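Subject: Structure handover

Hello,

My notes on what turned up follow below it.

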Amino acid sequence: MMIGDVVGQPGCEFLRKRLPAFKREQKVDAVICNGENSAVGNGILPQSAEFLFDSGVDVITGGNHSFKRREIQDYLDDHPNLLRPANYPPGAYGNGWFVLDGGNFTLLVISLLGQVYLDPMDDPFRTCDRILSEVKADFTIVDFHAEATGEKMALGYYLAGRVSAVAGTHTHVQTADETILEGFTGYVSDLGMTGPIRSILGTAPENIVRRMTTRLPTRFTVPDGPCKMEGILLDLEKKTGKCTKIERFQLL
């Protein structure tokens with residue numbers, strides 16, 4: 001199970017409310033969640049990471065806000081299942097990949113950051129090549145935190161047949177293009193978002209409208225109200241690592 005970007009306290013609390021029962025119903029073996037916006041005020045903090053882990057998340061992936069809060073630096077080094085993008089330059093805190101031991105399976109999770117319309121990072125394509133050449137597991141899933149759909153699709157086709165699934169995050173809008181690529185690699189351009197429904201990408205609409213209409217500095221806040229949790233469910237075949245089924249979900 002992969003869960004789209006969790007936004008603020010409302011997103012964290014809604015995930016805790018819905019995830020445990022949904023895991024049981026769907027017989028989920030592993031949960032991967034993007035948590036780089038889970039802290040109050042953006043970014044991720046040790047408290048929000050712990051909240052997600054305690055709610056049933058196995059691996060937290062990152063993105064361009066992974067290092068927004070200074071308090072997370074040592075926590076990243078101490079918790080290998082909290083990832084920041086693997087293509088950060090050498091010297092960055094934490095790790096960009098993690099192998100989850102599920103008892104009767106191993107799952108390699110790789111977090112990558114796109115280059116288009118974002119701060120320049122090392123090449124995500126070559127970074128992923130290097131990790132795949134060095135680390136082996138029954139399954140491999142890539143969270144590609146990127147702005148441009150074309151870049152996400154390019155990585156999906158680049159890795160087709162070499163990983164179990166590639167899922168995009170960052171844009172907070174769930175896409176309807178889930179598919180199984182050549183070589184049985186599951187793919188979707190964006191998992192969506194976990195947070196307030198009446199929002200703009202998880203942020204209070206009035207904040208975004210003010211920024212767009214005045215161009216003045218605006219403090220973004222996460223509104224209260226009804227929430228949603230979006231993502232995908234993957235069926236993976238242990239013997240081959242292939243994705244045999246991919247299904248979108250939205251919980252309200």
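Predicted model: local features only at pLDDT ≥ 70, side-chain atom pairs only at ≥ 80, totals over all residues.

Start with Phe67. Its relative accessibility is 23%, so it counts as partly exposed.

**Aromatic pairs**

Searching the whole structure gives four aromatic pairs. Phe67 and Tyr88 form one of them: the ring centres are 4.9 Å apart and the planes sit at 80°, so this pair is edge-to-face. Phe67 is in the loop between β4 (59–61) and α3, while Tyr88 is in the loop between α3 and β5; the pair therefore ties together parts 21 residues apart in sequence.

Phe105 and Phe139 make a tilted pair, with 6.1 Å centre to centre and 55° between the planes. Phe105 belongs to the loop between β5 and β6, and Phe139 to strand β7, so this pair links parts 34 residues apart in sequence. Phe105 is buried at 11% relative accessibility. Phe139 is buried too, at 7%.

**Helix α4**

Helix α4 spans residues 124–134, and its buried residues are Pro124, Phe125, Thr127, Cys128, Ile131 and Leu132. They lie on the same side of α4, because they cover an arc of only 160° around the axis. The face turned away from that buried side carries exposed Arg126, Ser133 and Glu134. What covers the buried residues of α4? The cover includes β5 (97–101), β6 (106–113), β7 (139–145) and α5 (149–159). Asp123 caps the N-terminal end of the helix, with a side-chain oxygen 2.9 Å from the backbone nitrogen of Phe125.

**Cores**

The largest nonpolar core has 26 residues. Met1, Ile3, Leu15 and Leu82 have the most contacts inside it. At least two residues each come from α1 (8–26), α2 (46–54), α3 (73–78), β12 (227–236) and β13 (243–251). The largest share, five residues, is supplied by α1.

Beyond its neighbours within four places in sequence, Ile3 contacts residues including Leu15, Leu19, Val31, Met229 and Phe249. A second, separate core holds 20 residues, among them Val59, Ala165, Val188 and Ile232.

**A buried loop residue**

Thr218 lies in the loop between α6 and β12. Is Thr218 buried or exposed? Thr218 is buried, at 14% relative accessible area. Leaving aside neighbours within four places in sequence, Thr218 is in contact with Asn207, Arg210 and Arg211.

**Confidence**

The protein chain averages a pLDDT of 97, and 100% of the residues score at least 70.

Best wishes

Key:
Residues numbered from 1 in each chain as written. Heavy atoms only, no water. Buried < 20%, exposed > 50% of the residue type's maximum accessible area, 1.4 Å probe, protein only. Helix = DSSP H or I, 4+ residues; strand = E, 2+ residues; numbered from the N terminus. Arc of directions from axis to C-beta. Contact = heavy atoms within 4.5 Å. Polar contact = N/O pair within 3.5 Å; in protein donor to acceptor, adjacent residues only side chain to side chain. Core = buried A, V, L, I, M, F, W, Y, C linked by side-chain atoms within 4.5 Å. pLDDT = per-residue confidence, 0-100. Phe/Tyr/Trp six-rings, centres within 6.5 Å; stacked < 30°, edge-to-face > 60°.
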